[in-house]
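The report below describes how parts of the fold pack against one another. Please read it alongside the sequence and the coordinates.

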Amino acid sequence: MKFGKNQKLKFDTDTGSYSLVTDRENFDSQLTATDYEAQLLVDYFGDSNILVGPKKDDPQKAAKDFKHYPSGKTITLNLVRPKPEKTELRLYLSSRAGFKPEPNSIWFMFVKDSNLWIGSMPETEWRNENSIIIYDESEEVYQDSLAELDEIKIKNLKAKDVFSRDRNLAIKRIKMENYACEYNSSHNIFISRHTNLPFLEAHHLIPMSLQKLTAQKLDVLDNIFSLCPYCHRAIHHADKNLTRNIIDKLVDKRPQVLDIMNVTPADLFGLYSVEEIY
Ligand SMILES: [Zn+2]
Ligand SMILES: [Zn+2]
């Protein structure tokens, strides 16, 4: 699979791929690179430099240098194209050479500073490290400000928001939705003792953390969704199936949100690090 925006940011590159290591691949000590992965290897090493056939035919040609992530050590692995008529490549794993990812972990490659980096990590770690969604202190401050009437408190809260979001826009969205959760309007919402109104939170479907990468404003009505506290926590923290459900439902409800940064639902899954990895 091709790197998404999140991986590109994390590894500071435009070119990278990742996929799941199957039990079989680990057992056989070989990874099969197809599609984009194979393309990346061909682009990097050059088609004519890739050995066609078994590695014993030309061990020198099969041996390829990679930079191991994160150590930066140069490691040498064997790479061949087993069948001339096919585009798929075979990369041999070796503990001795320093690369033998565990079954069900994620292995990845990316090009940076003219080197081809290679690494692996457990799937949960990969997802955690690649999520672009943050729920920091300033997020709480912003949410609190939506159900606050005290002007001084609001000012104080606002001063702490790292994204300088406009709380009036969020309040407008929540009003437009008749104080209901946009994932499921039948969700039970408690009443705020400060405003006497149902307590809803505002979620930016295209994460505010991407604002630094685009000139388009992300703090806009189309991108702000009214969610109950349960669903809001869920879109940030739930397992990938529930998070994907919520994202799908919100996109269905307001498809124009995709125009903001020209993203697809699949891009959103990637940004939230809940995509299916194969
Ligand atoms: Zn949120
Ligand atoms: Zn809800």
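Helices (H or I, at least four residues) and strands (E, at least two) are DSSP runs, numbered from the N terminus, while axes are lines fitted to C-alpha atoms, for helices over the stretch in contact, with angles running from 0 to 180 degrees between N-to-C directions. This is a predicted model, in which local features need pLDDT of at least 70, side-chain atom pairs count only at pLDDT 80 or more, and totals for chains, interfaces and linings use all residues. Residues are numbered from 1 along each chain as its sequence is written.

Helices α9 and α10 pack at an angle of about 115°, with their axes 8 Å apart. With contact taken as C-beta atoms, placed from the backbone, within 7 Å, the residues that meet are as follows.

| Helix | Residues | Contact residues |
|---|---|---|
| α9 | 229-237 | Cys231, Ala234, Ile235 |
| α10 | 240-253 | Leu242, Thr243, Ile246 |

In α9, Cys231, His232 and Ile235 are buried (20 or more other C-beta atoms within 10 Å of the residue's own). Because these residues cover an arc of only 105° around the axis, they lie on the same side of α9, the arc being that of the directions from the helix axis to the C-beta atoms. Their cover includes β9 (201-204), β10 (224-227) and α10.

A nonpolar core is a set of buried Ala, Val, Leu, Ile, Met, Phe, Trp, Tyr and Cys residues joined through C-beta atoms within 7 Å. The largest has 23 residues, and β7 gives the most to this core, with 5 residues.

Technical notes: Chains lettered and ligands numbered in written order. Contact = placed C-beta atoms within 7 Å. Buried ≥ 20, exposed ≤ 12 C-beta atoms within 10 Å, placed from the backbone.
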